[in-house]
Amino acid sequence: MTRRQWTTLTEDQLLAQCEVDTYRASGPGGQKRNKTSSAVRLRHLPSGLMVIAEESRSQHDNKAKALQRLWRAFFLELREPADTSDWPVSSGRVDLGVKDPRFWPAAGVALDMLNNCDAQVSTAAERLGVTTGNLVAFLQTDPKLWQVANQLRAIHKQSPLHL
């Protein structure tokens, strides 16, 4: 399966592909946190991605957060040939906030294009139909997205982008 297929699965279908571990989280949180196995670790077996959630005292809440993180990790960690059908450009700009449901699919497209262009931001921006400044601003929207973009630049022997 591909990233596109994994990200369209329902939560139950995605969980069926995962190994789910629950455990007791260490750290602050009082007696309940130290006595219940509320932390959740998901290992997505087909992709090899692993995510954890342990901030809530509720196992149910942590499982939901871990699923969200896994979905986000698909876009951050898995590269594919750039497919701009998920790239929401309007008037030569992309303006999405992290809470917009189109944000992470767009982030995946931006990272794919960056990877396909040897991490040349200006080339990636041109192919995406936006300015270099707009693409850099989009990448800066989320710290993890910014970090992955700079990791791609390091892999392609480019200097890191600066804030």
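**Pockets and helix packing**

Q: How much space lies in the largest pocket?
A: The largest pocket holds about 300 Å³ of space. A pocket is an open set of points on a 1 Å grid over the protein atoms alone, where a 1.4 Å probe fits, with protein on both sides within 12 Å along at least five of seven lines. The volume is the space filled by probe spheres set on the points, which are joined across faces, edges and corners.

Q: What kind of model is this, and how are residues numbered?
A: It is a predicted model, in which local features need pLDDT of at least 70 and side-chain atom pairs count only at pLDDT 80 or more, while totals for chains, interfaces and linings use all residues. Residues are numbered from 1 along each chain as its sequence is written, and side-chain values use heavy atoms, with hydrogens and water left out.

Q: Back to the largest pocket: how many residues line it, and which lie nearest its centre?
A: The lining has 13 residues, and A64, L67, Q68, R69 and W71 lie nearest the centre. Lining residues have an atom within 4 Å of a point.

Q: Which helix gives the largest share of that lining?
A: Helix α4, with seven residues. Both α2 (11-16) and α4 (59-77) supply at least two residues each. Helices (H or I, at least four residues) and strands (E, at least two) are DSSP runs, numbered from the N terminus.

Q: What classes of residue line the largest pocket?
A: Seven are nonpolar, two polar and four charged. Ala, Val, Leu, Ile, Met, Phe, Trp, Tyr, Cys and Pro count as nonpolar, Asp, Glu, Lys and Arg as charged, and the others, Gly among them, as polar.

Q: And what volume has the second largest pocket?
A: About 200 Å³. It is lined by 13 residues, with R3, R4, T7, F75 and D86 closest to its centre.

Q: Which helix gives the most there?
A: Helix α5 does, with three residues. At least two residues each come from α1 (3-6), α4 and α5. The lining of the second largest pocket has five nonpolar, two polar and six charged residues.

Q: New topic. How many helices and strands are in the chain?
A: Eight helices and three strands. Along the sequence their order is α-α-β-α-β-β-α-α-α-α-α. The C-alpha trace spans about 55 × 35 × 30 Å along its principal axes.

Q: At what angle do α5 and α8 pack?
A: At about 15 degrees, and the axes of α5 and helix α8 (residues 143-155) are 10 Å apart. Helices α5 and α8 are therefore roughly parallel (under 35 degrees).

Q: Which residues of α5 and α8 meet?
A: F103, A107, L111, L114 and N115 of α5 meet L145, V148, A149 and L152 of α8; contact means heavy atoms within 4.5 Å. By class, this contact has eight nonpolar residues, one polar and no charged.

Q: How do the axes of α5 and α6 cross?
A: Helix α5 (residues 103-116) and helix α6 (residues 121-128) have axes that come within 8 Å and cross at roughly 125 degrees.

Q: Which residues of α5 and α6 make the contact?
A: On α5 they are V109, A110, M113, L114 and N116, and on α6 they are V121, A124, R127 and L128. Seven of the residues in this contact are nonpolar, one is polar and one is charged.

Q: What are the axes and angles here?
A: Axes are lines fitted to C-alpha atoms, for helices over the stretch in contact, and angles run from 0 to 180 degrees between N-to-C directions.

Conventions:
Angles under 35 degrees count as roughly parallel, over 145 as roughly antiparallel, 65 to 115 as roughly perpendicular and the rest as oblique.
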